[in-house]
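Welcome, and please have your viewer ready. We will walk from stop to stop, selecting a few residues each time and looking at what is there.

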Amino acid sequence: MEVYCTRPSCPRPQNYFPDLDDSSLLKTVQQRYCKTCGMPLILSGRYLPVRLLGQGGFGAAFLARDRYTPAMRQCVAKLLQPSVSLTPAQLKIAQNLFEREAAVLEELGNEHPQIPSLLAFFELTVPSLQGGGNDQFFYLVQEFIDGENLEEELAVKSKFSESETVEVLREILKVLDFVHSRGSIHRDIKPANIMRGKNGRLYLLDFGAVKQVTQTAGTVKASTGIYSLGYAPPEQMSGQEVYPATDLYALGVTCITLLSGLQPTELFDSYRNEWNWHSRVQISSRLTQVLDRLLLSAPSQRFQSATEVEAAMKHNSQQPTVVVSPPTVPTPTPLQTNQQPLTQQPPVPVPANPPGNLQSSPRGAFSIWDILGGAAFTGFEGGLLAIALTSLLPSPGLSMGLLGMIVGGLIYGQYRRAIEQTEMLTIGAGTLALLWFFPVLRATATGIYAGSPIAGVLFVGWLGALGAIAATAIFRLIYKLLSNVF
């Protein structure tokens, strides 16, 4: 049987013991030691690491087997052993965070099916390889989730569909609702910390940065400086208090990352200090509004709980038109902690004009491509309707009046989001069919472009589209110039 040494500095961590393939001996042997560095291999007398799963600056994770279970159950043994030199105070903070993760897993994981359960937490003291002292190692053992995380899944898919992203959003909202109701904030929501098991269930992992809520008045402390760059909101990056809305912001970033296949740093415009993701994805305006509100820079303007987000999504799924306004909520009570940051994090600027601010644009902002595309559709449709109305109605004035009313209705429908890309294509195709199947209309089109009715129709339609695009662009230019002046 292969057993992996967990000492970080071991030059040859792989060990092979043929006699341990005997299950009866495996369950009775007292201990085995690394053949290279002498490190005890059977952790807490029970868990046998078999391979390295991953490692970072503060430790490593190993796939292990529990020898005291009938099927040698797989589990994950996490080791705290910082690879960087820390002061005694910083090391104490790291140990407290590690112990906190174990406590949270014990409290939450054993009660929620989408959080791994804690199996063991212990300390191991062994002689140092340098001699003259001892090394301390801290371990926690948790349930093993067989599957792949969403970061790995995204690397294969390149993008998630809207329905797949909504599934992730809804499932993690359920977990966060439970976590927040127990007085904890996860503080590190990202694709790498969401695992999809082979059973299809989504799990939330890595509670090492979890922050507990305390209600002791007058002891406000800064948040510990632990977060994932790009996913953390301004209040967390600047070391301020964190809230349930802090996790919801990170979940919003996770969703736009999955939808676009891009990293947060590619979606955030640092020059304008705002998110620039609308043009990178094609999703419903309803989901856009929910994500925009999750991504607002001020915690008080975001949804205040996972329940609010879920309620907004249910409401949006039942309504053709959605108007989302910020909730009237009391000022959030800052979460407290007795921990000091490992390093002081510099404050970051808060966006003056947060992307997709739903206060100023209840239906979601229109991009320049939305506006020009809508103008092209309106001009094209107006050209086709002009052919039809002038052929069917005896009075030119009546034709132009009716045409103006219809075009105005199309513009209003686009503004209200009642007419979007699918509806535009359907309306355009229907009008073309109308012109083709009515002989009198086909005759009029033939007169416009001799010999080819369809060419005449398309000529007028494209001419109208180009005219509408030009008029819209000129109007926007004049509007911007006047805005700068006044």
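## A tour by selection

Begin by selecting Glu153, Lys157, Glu164, Glu167 and Arg196, which are linked in a network of salt bridges. What you have open is a predicted model, and in total the structure holds 14 salt bridges.

Keep Arg196 and Glu167 selected and hide the others. Their side chains meet in a salt bridge, with N to O at 3.5 Å. This pair links distant parts of the chain: Arg196 sits in strand E10 (residues 194-197) and Glu167 in helix H4, 29 residues apart. Is each partner buried or exposed? Arg196 is buried, with a relative accessible area of 17%, because the cut-off for buried is under 20%. Glu167, at 32%, is partly exposed.

**Stop two: from helix H4 to helix H9.** Now select Arg170 and Glu310. How far apart are the closest N and O atoms of their salt bridge? The answer is 2.3 Å. Here too the pair links distant parts of the chain, with Arg170 in helix H4 and Glu310 in helix H9 (residues 306-318), 140 residues apart. Arg170 counts as partly exposed at 25% relative accessibility, while Glu310 counts as buried at 19%.

Select Asp66 and Arg73. Their side chains form a salt bridge of 3.5 Å, N to O. Asp66 has 0% relative accessibility and counts as buried, whereas Arg73 is partly exposed at 39%.

**Stop four: two serines.** Next, select Ser44 and look at its backbone. Its phi is positive, about 55°, although Ser44 is not a glycine. You will find Ser44 in the loop between helix H1 (23-28) and strand E3 (47-56), and it is exposed, with a relative accessible area of 52%. Then move to Ser158, where phi is near 75°, again a positive value in a residue other than glycine. Ser158 belongs to the loop between helix H3 (150-157) and helix H4 (162-181). With a relative accessible area of 48%, Ser158 is partly exposed.

Met405 is exposed, with a relative accessible area of 62%.

Note on methods: Residues numbered from 1 in each chain as written. Predicted model: local features only at pLDDT ≥ 70, side-chain atom pairs only at ≥ 80, totals over all residues. Heavy atoms only, no water. Helix = DSSP H or I, 4+ residues; strand = E, 2+ residues; numbered from the N terminus. Buried < 20%, exposed > 50% of the residue type's maximum accessible area, 1.4 Å probe, protein only. Salt bridge = Lys/Arg side-chain N within 4 Å of Asp/Glu carboxyl O.
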